[in-house]
Amino acid sequence: MYETFLEVTKDLGIYNIMGLYLVEQDDNGRKAVLQLDKGLNRDYIEHASVIPEPEGITWRVIKSGEPVHYDEQSPGENPLGPAGKRLQQKVLFSMPIKYGAQTIGVINFGSTEKDHFDKSDIEIMLSLGNQMGTAIAKVKMLEEARERAIELERLYTDLKATQDQLIQSEKLASLGQLVSSIAHEINNPLTPILGSSQ
């Protein structure tokens, strides 16, 4: 999926730097992990392939769920972190990847050649990002469905084993009742015989 995305977008000429991050959770908290990149140098990947919460523009987009557009003429401070600033991007468009209402990642589009993204550039990047988000969401749904299927199979196996044990227990209980009935039927005529013999 990632390779197809790169192949389809390689000749658009809108951006020459791109990084796609997905949110992951571990014992140390949430982090954004680089999954796909174009034009990122070794220094950037070394320093920013994993971005801990709440650092940088990536987490700003994840937390707000809203895109961020920055260029050199934008008012305010450059929102890029140290590694991003070293890329010398003149313009950046960072958009959320959503799964339902939850933001599960970010796609950062940048350019060291253009000094701004016009409206049509942003519309194309939004469309690309939404398509990638939809594809990632479908993969996540498929993974969840597989996990549920495995869990259901395990539960079915456990239920079948419990059912087999219950059937075995019922057989033993029935056998116990049969033995008890036979013993009772034997004891009934023996009781007067034993009484008479005494």
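**Exercise 1. Find helix H5 in this predicted model and work out how its span compares with the one expected at 1.5 Å a residue.**

Step 1: Pick out the helix. H5 covers residues 119-197, which makes 79 residues.

Step 2: Go end to end. From the first C-alpha to the last, H5 reaches 113 Å.

Step 3: Compare. The expected value is 117 Å, and the helix comes close to that.

Step 4: Look for a kink. At leucine 190, H5 bends by about 35°. Check what comes after the bend, too: proline 192 follows within four residues.

**Exercise 2. Which residues of H5 are buried, and what covers them?**

Step 1: Set the cut-off. A residue counts as buried when its relative accessible area is under 20%.

Step 2: The buried residues of H5 are Asp121, Ile122, Met125, Leu128, Gly129, Met132, Gly133, Ile136 and Ala137.

Step 3: Think about the spacing. An α-helix has 3.6 residues a turn, so residues three or four places apart point the same way.

Step 4: See what lies over them. The cover includes helix H1 (2-9) and strands S1 (17-26), S2, S4 (68-71), S5 (91-99) and S6 (102-111).

**Exercise 3. Asp121 is on that buried list. Which residue does aspartate 121 meet in a salt bridge?**

Step 1: Find the partner. Lysine 114 is the one, with N to O at 2.9 Å.

Step 2: Compare the two ends. Aspartate 121 has 8% relative accessibility, so it counts as buried. Lysine 114, at 24%, counts as partly exposed.

**Exercise 4. How many salt bridges does the structure hold, and which parts of the chain does the arginine 30 to glutamate 53 pair link?**

Step 1: Get the total. There are 7 salt bridges.

Step 2: Zoom in on the pair. The closest N and O atoms of arginine 30 and glutamate 53 are 3.1 Å apart.

Step 3: Arginine 30 sits in strand S2 (residues 29-38), while glutamate 53 is in the loop between strand S3 (50-52) and helix H3 (56-64). That's 23 residues apart, so the pair links distant parts of the chain.

Step 4: Widen the view. Lys63 joins Arg30 and Glu53 in a network of salt bridges.

**Exercise 5. Where in the chain are the partners arginine 86 and aspartate 43?**

Step 1: Confirm the bridge. Their side chains meet at 2.7 Å, N to O.

Step 2: Locate them. Arginine 86 belongs to helix H4 (residues 82-86) and aspartate 43 to helix H2 (residues 42-48), 43 residues apart.

Step 3: Arginine 86 is partly exposed at 43%, and aspartate 43 is partly exposed at 30%.

Methods. Residues numbered from 1 in each chain as written. Predicted model: local features only at pLDDT ≥ 70, side-chain atom pairs only at ≥ 80, totals over all residues. Heavy atoms only, no water. Salt bridge = Lys/Arg side-chain N within 4 Å of Asp/Glu carboxyl O. Helix = DSSP H or I, 4+ residues; strand = E, 2+ residues; numbered from the N terminus. Buried < 20%, exposed > 50% of the residue type's maximum accessible area, 1.4 Å probe, protein only. Expected span 1.5 Å × (residues − 1). Bend = angle between axes of the 7 residues up to and from the residue. Contact = heavy atoms within 4.5 Å.
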